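Please read it alongside the sequence and the structure shown here.

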Amino acid sequence: MEKPLSEHTKNILGLQLPTDPRWVNLAEISLEEILTDHAYCEQKAATTCISLIQKNSEKSLLVDELSPIVTEEWGHFRLVLAELKKRNLQLGRQRKDVYVNKLIDFQVKGGSPDERFLDQMLIMALIEARSCERFKRLSEGMEDAYMRKFYRKFMESEAGHYTLFINLAEHYIDKKIVRKRWKAWLEYEKELMNSTEVRGDRIH
Ligand SMILES: [Fe+2]
Ligand SMILES: [Fe+2]
C-alpha cells in the first residue's frame with residue numbers, strides 16, 4: 001500500500017511526488033548496485049560543492065558554508081565504500097545519471113548571473129531533498145535493521161544540506177524570487193519523477 005509522505009516531511013522537502021513504494025524492495029535486492037550508485041552520488045555531491053566554491057569565490061558565506069560540506073560528502077562516500085567492502089561487494093562503474101541530467105536540462109541557459117546562481121543552488125537543494133526522501137524510504141522500509149539505521153544517518157545529513165542550499169539562495173537572492181523559482185523546480189521534478197522508470201539499481 002502506498003504510504004504518503006508525512007505532512008512534516010512533505011513540508012520540509014516540498015517534494016510534490018513521493019517515491020514509488022516498490023522502489024525500496026527493488027533497491028534491497030540489488031544492494032551492490034544501490035550502494036555503488038549511492039557512493040557516486042556522494043562523490044558528485046562533494047565535487048559539485050568544490051566547483052560551486054570555485055565559481056562563486058566572491059560569495060564568502062557560500063565558501064564558508066560549503067567547505068565543510070565537501071568534507072562531509074566525501075566522508076559519506078567513504079562510509080558507503082566501507083559498507084561495500086565489509087559485505088565483499090564491488091564498487092561498480094559510474095552510470096549515466098539520467099535524473100541529474102534531466103534536472104540540468106531545466107537549468108536556465110544564458111540568463112543573468114543571479115538567475116544562473118539561483119538555479120545552481122536550487123538544483124542542489126532539489127537533489128538533496130530527493131536523496132533525503134529516498135534515504136527516508138530505505139530507513140523505514142528495508143528488511144535489514146542495520147541497513148535501516150545506516151540510511152537513517154544519511155537521511156538526516158541530506159535534510160540539513162537541503163536547508164543549507166535554500167538558505168544560501170535566500171541570502172543572495174530576493175526571497176520572493178527564490179520561492180517562485182523553487183515552485184517551478186518542484187513542478188518540473190514531479191513530472192520528471194512521474195516519467196522515470198522505477199529501478200532498484202539507482203538512488204534517483
Ligand atoms: Fe551526502
Ligand atoms: Fe548532501
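## Conventions

A charge sits over a ring if NZ of Lys or CZ of Arg is within 6 Å of the ring centre and within 35 degrees of the ring normal. The model is predicted, and local features need pLDDT of at least 70, side-chain atom pairs count only at pLDDT 80 or more, while totals for chains, interfaces and linings use all residues. Residues are numbered from 1 along each chain as its sequence is written, chains are lettered from A and ligands numbered from 1 in the order in which they are written, and side-chain values use heavy atoms, with hydrogens and water left out.

## Lysine over two rings

The charged end of Lys59 sits over the ring of Phe117, at 4.4 Å from the centre of that ring, and the charged end of Lys59 also sits over the ring of Tyr172, 5.5 Å from its centre.

## Aromatic pairs

Twelve aromatic pairs are found in the structure, where rings of Phe, Tyr and Trp (its six-membered ring) pair if their centres lie within 6.5 Å, and planes under 30 degrees apart count as stacked, over 60 as edge-to-face and the rest as tilted. One of them joins Phe117 and Tyr172, whose ring centres are 5.5 Å apart and whose planes stand at 85 degrees, so the pair is edge-to-face. This pair links distant parts of the chain, since Phe117 belongs to helix α6 (residues 113–141) and Tyr172 to helix α7 (residues 145–172), 55 residues apart; helices are DSSP runs of H or I with at least four residues, numbered from the N terminus. Phe117 is buried, with a relative accessible area of 2%, whereas Tyr172, at 25%, counts as partly exposed; buried means under 20% relative accessible area, exposed over 50% and partly exposed in between (1.4 Å probe, protein chains only).

Tyr146 and Phe150 form a stacked pair, 6.4 Å centre to centre with 20 degrees between the planes. These two residues lie four apart in helix α7 and are therefore separated by about one helical turn. Tyr146 is partly exposed at 39% relative accessibility, while Phe150 is buried at 5%. Both belong to one aromatic cluster together with Phe135, Tyr151 and Phe154.

## A buried glutamate

Glu42 lies in helix α3 (residues 31–55). Its side chain makes a polar contact with the side chain of His38 at 2.8 Å. Not counting residues up to four places away in sequence, Glu42 touches Glu73, His76, Phe77, Phe135, Phe154 and Glu158, contact meaning heavy atoms within 4.5 Å.

Technical notes: A polar contact is a pair of N or O atoms within 3.5 Å; within protein, one must be able to donate a hydrogen and the other to accept it, and residues adjacent in sequence count only if both atoms are side-chain atoms.
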